[in-house]
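Morning, everyone. Please have the viewer open.

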Amino acid sequence: MEKPKIVSIQIGKVASYSGDGKEWQSGYIKKPVEGRIRVSVTGLEGDEQADIRNHGGPDKAVLVYPESHYQKWQEELHIEKLDYGSFGENITISNLTEEDVCIGDVFEIGDVKLQISQPRQPCWKISKILKKDGLDKRVQETGHTGWYLRVLQEGEIESDNEFKLIGRLFPQWTVLKALRIMENAKNNPKVAGELASCLLLSESWKKTLRSFADGKNSQSKDDRFKGP
C-alpha cells in the first residue's frame, strides 16, 4: 500500500446562501490553498465556521476526507468532476478511508501532530451546496463521511506531506465502526456505552453515547446526524 499523503488543502470563509425560501450562513465551501499553511488548535489559518456550536472547536479542528471517495461520488451523482473540498474538508487524503483509521490515532505531518477524535456527521448543507437532495443521508449510509482531528502539536503543513501514523491505542474502534454504533445507539445501548468509554473520543460523542447507554436519549438517527 502506498503511503498516505495530503492530496489537497482547503480553507473557506463564511458566506451567505439561500434556497427553499431560507437563508443561511456557512463556511462549508472551501477552496484549495497553495504552499505551507499553519495549523493551530483551532484549525487551519484562514478557515472559518458560521455555526460554532456544531462546527470547529478543539475536538473538530481539522476535517479530513478520503480522495478515493471522489470517483465513486462522481459516478453515483453523475457529476463529471467534483473539486477537492466539495465535501467541506480541510484536507483531502490519499490511501486512507474510514475503515483504515481509528479513534485516537495520532498522525505526524511535517512538524504537526493530529489525533482522530470522531467521525464526521453529515448534515443537510452537503445536499444544499451540491444541489443533490438526500445526499447527506446517502453519505451517512455509505459511511463515506470523513473524520475530525484535534491538534496535538501546532505547525505547518502543505500538499504532498506524508500522513504518517505514529500511534494507535484503540484498534477496535475504527471510524466506520464508531459511526455505525452512533447510528444504532438507541437499539444497542450496551455497545454505545462501550464506545463512550474510549478516552480519546470527542466529548460531544461521549455525552451523546452515554445518554443512550443510560436510557435517557430517544433521538432518532436522523436527529442525531444533524451535525456538521
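First, a term: two strands pair if DSSP finds at least two bridges between them. Strands (E, at least two residues) and helices (H or I, at least four) are DSSP runs, numbered from the N terminus.

Now the ground rules. This is a predicted model, where local features need pLDDT of at least 70, side-chain atom pairs count only at pLDDT 80 or more, and totals for chains, interfaces and linings use all residues. Residues are numbered from 1 along each chain as its sequence is written, and side-chain values use heavy atoms, with hydrogens and water left out.

Overall picture. The chain has seven helices and 13 strands. Its C-alpha atoms fill a box of roughly 50 × 45 × 30 Å along the principal axes. How does the radius of gyration agree with a compact globule? For 228 residues the expectation is near 17 Å, and the chain has 17 Å, so the two agree. That radius is taken over C-alpha atoms, and the rule is 2.2 Å times the number of residues to the power 0.38.

Burial next. Of the 228 residues, 53% count as buried. Buried means under 20% relative accessible area, with a 1.4 Å probe and protein chains only.

Contacts: heavy atoms within 4.5 Å. Take those between residues at least 6 apart in sequence: 75% join residues at least 24 apart.

Zoom in on E11. Which strands pair with it in the antiparallel sense? One is E10: residues 112-119 pair with E11, residues 147-153, over six bridges. Within that pairing, glutamine 115 stands opposite arginine 150. Proline 119 has tryptophan 147 in E11 as its bridge partner.

The other is E7, residues 62-66, joined to E11 by three bridges, again antiparallel. There, valine 62 stands opposite leucine 149.

Is E11 enclosed or open to the outside? Five of its seven residues are buried, so E11 is largely enclosed by the rest of the structure.

That's my tour. Questions, please.

Note on methods:
Buried means under 20% relative accessible area, exposed over 50%, partly exposed in between (1.4 Å probe, protein chains only).
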